[in-house]
Amino acid sequence: MEGVTTIDIKNPYDGSLVGRVPRADIADCLAAVDRADTTFASWRATAPRVRAEVLRKAWELMMADHESLARTIVQENGKVLADAKAEVTYAAEFFRWFSEEAVRIDGDYRRAPSGANWLLVSRQPVGVSLLATPWNFPAAMATRKIGPALAAGCTVVLKPASNTPLTAIAICEILRRAGVPDGVVNVVVPEPAGPAVSAMLSSGKVRKLSFTGSTAVGSLLLAQAAERIINCSMELGGNAPLVIFDDADLDVAVEGSLLAKMRNGGAACTAANRFFVHEKIHDRFVDAFTKRMSSLVLGDGLDPKTHVGALVSRKEQDHVAALVDGAVAEGATVACGGKRASDKSFGYHPTVLTDVKFGASILQEEIFGPVAPIVRFTDADDILAHCNAVDHGLVSYVFTRDVGRGLKFAEALETGMIGLNRGLVSDPAAPFGGVKASGLGREGGHDGLLAFLETKYVAGNW
Ligand code: NAD
């Protein structure tokens, strides 16, 4: 089309061209907001049962397109096919879960305690919602927002990350086939993102911003949303501690650690970032965990022999390499890995670092790659303070055979989620989210629906 510029989407494994998408300019983005605004009145008036059935159909269609969606994710993101398939199932499940929630929007009807009048409480969709998502889960981060927004009766503009928009565009097409009317779900891919997102937030029509991405960008957008008091949900970065107490089951701890660290090749906000291992179990854990990590094959995500795919860009690879080099300079030992892929991909070998000291630089920030820094600890009473001594608070992992001890520890951890003897917490039926610099609000579960609803209260006599 004349005058339309495009964005090239490249495979992070080999640099090949995977697709091209139109680059949205500010006018295109504002037109998408207008469409969402125009269709809001009719979509909110659609019966909850109808909205539920559309979402249920979208789940079915997504599961029918499972293989091709997973391959699209691998090609634009670099993760391995097994991770991509798991993501599609997880992502589709948000449509099924929220199809079930669409018909469970509750209210309340009570007599006032004084007896003088009645209190009537209902819930209404918050309005046009701007949804911005990151590159690391191109399907799930989109459906985790679109599902509850549509269930609640909101219309949306989705802005996926510009290096992984193909999956998001395919999901919007699935929603159209499932019966979502034109203009209810809109997708735009502006590059750069900043000016376009600002323009949409200032349009006066956006009532909700649901953002998943880095804490730095989230904080910037919160400030912009403040100008118009836009309702915000923020799913931001993490820096998860993983604690293995002396009484942990070694096999459970090793398998749980592998999952907590290596899901999505380590490029997950939930990825275990700081391993604290009690000295009594430390050496046995390091031996077993290093064996498992060094057996993982790095390579092309589409090759079934591959366990770990490429990182999404050179920038991400450089970031991981710099953190490992810095840790080694501060005294860490490389038990395995510690190097970039030998081919031209943006891969990094699964890496275990031992002899990492409390306070080491690598423990202060999100690694977002396949690197496990391990700190040996002796004082169990002390470890809680180390877990909580960071700005982030998304998730923690705790391994102990003593469930009472684990739950007591979980109570005191400053994170929104805890994996107890388990390396995976994500579940569409559960409230996902963090505290402190990891965000505001929850996605998934019933809370995910409430994020797209306003409460209205009528005091009356009748
Ligand atoms: P990012 O913050 O760079 O980008 C996220 C989104 O914001 C993208 O759509 C991007 O285009 C857009 N964006 C970037 N700069 C912007 C600006 N100035 N104004 C408006 N929009 C802008 O994050 P990323 O690198 O894509 O993703 C990685 C981060 O996301 C990590 O920190 C990770 O922890 C976090 N994350 C959090 C969760 C969670 O649920 N808490 C889930 C996945 C990823």
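Two rings of Phe, Tyr or Trp (for Trp, the six-membered ring) are taken as a pair if their centres lie within 6.5 Å, and the pair is called stacked if the planes are under 30 degrees apart, edge-to-face if they are over 60 degrees apart, and tilted otherwise. The model is predicted, so that local features need pLDDT of at least 70 and side-chain atom pairs count only at pLDDT 80 or more, whereas totals for chains, interfaces and linings use all residues. Residues are numbered from 1 along each chain as its sequence is written, and side-chain values use heavy atoms, with hydrogens and water left out.

**View A. A cluster of Tyr109, Trp118 and Trp462 linked by ring pairs.** The structure holds nine aromatic pairs. In the pair of tyrosine 109 and tryptophan 118, the ring centres are 5.1 Å apart and the planes stand at 25 degrees, so this pair is stacked.

**View B. The edge-to-face pair of phenylalanine 245 and phenylalanine 377.** The centres lie 6.2 Å apart, with 90 degrees between the planes. Because phenylalanine 245 lies in the loop between strand S10 (240-244) and helix H9 (250-262), and phenylalanine 377 in strand S14 (residues 371-377), the pair ties together parts that are 132 residues apart in sequence; helices (H or I, at least four residues) and strands (E, at least two) are DSSP runs numbered from the N terminus. Phenylalanine 245 is buried at 2% relative accessibility, and phenylalanine 377 is buried at 2%.

Technical notes:
Buried < 20%, exposed > 50% of the residue type's maximum accessible area, 1.4 Å probe, protein only.
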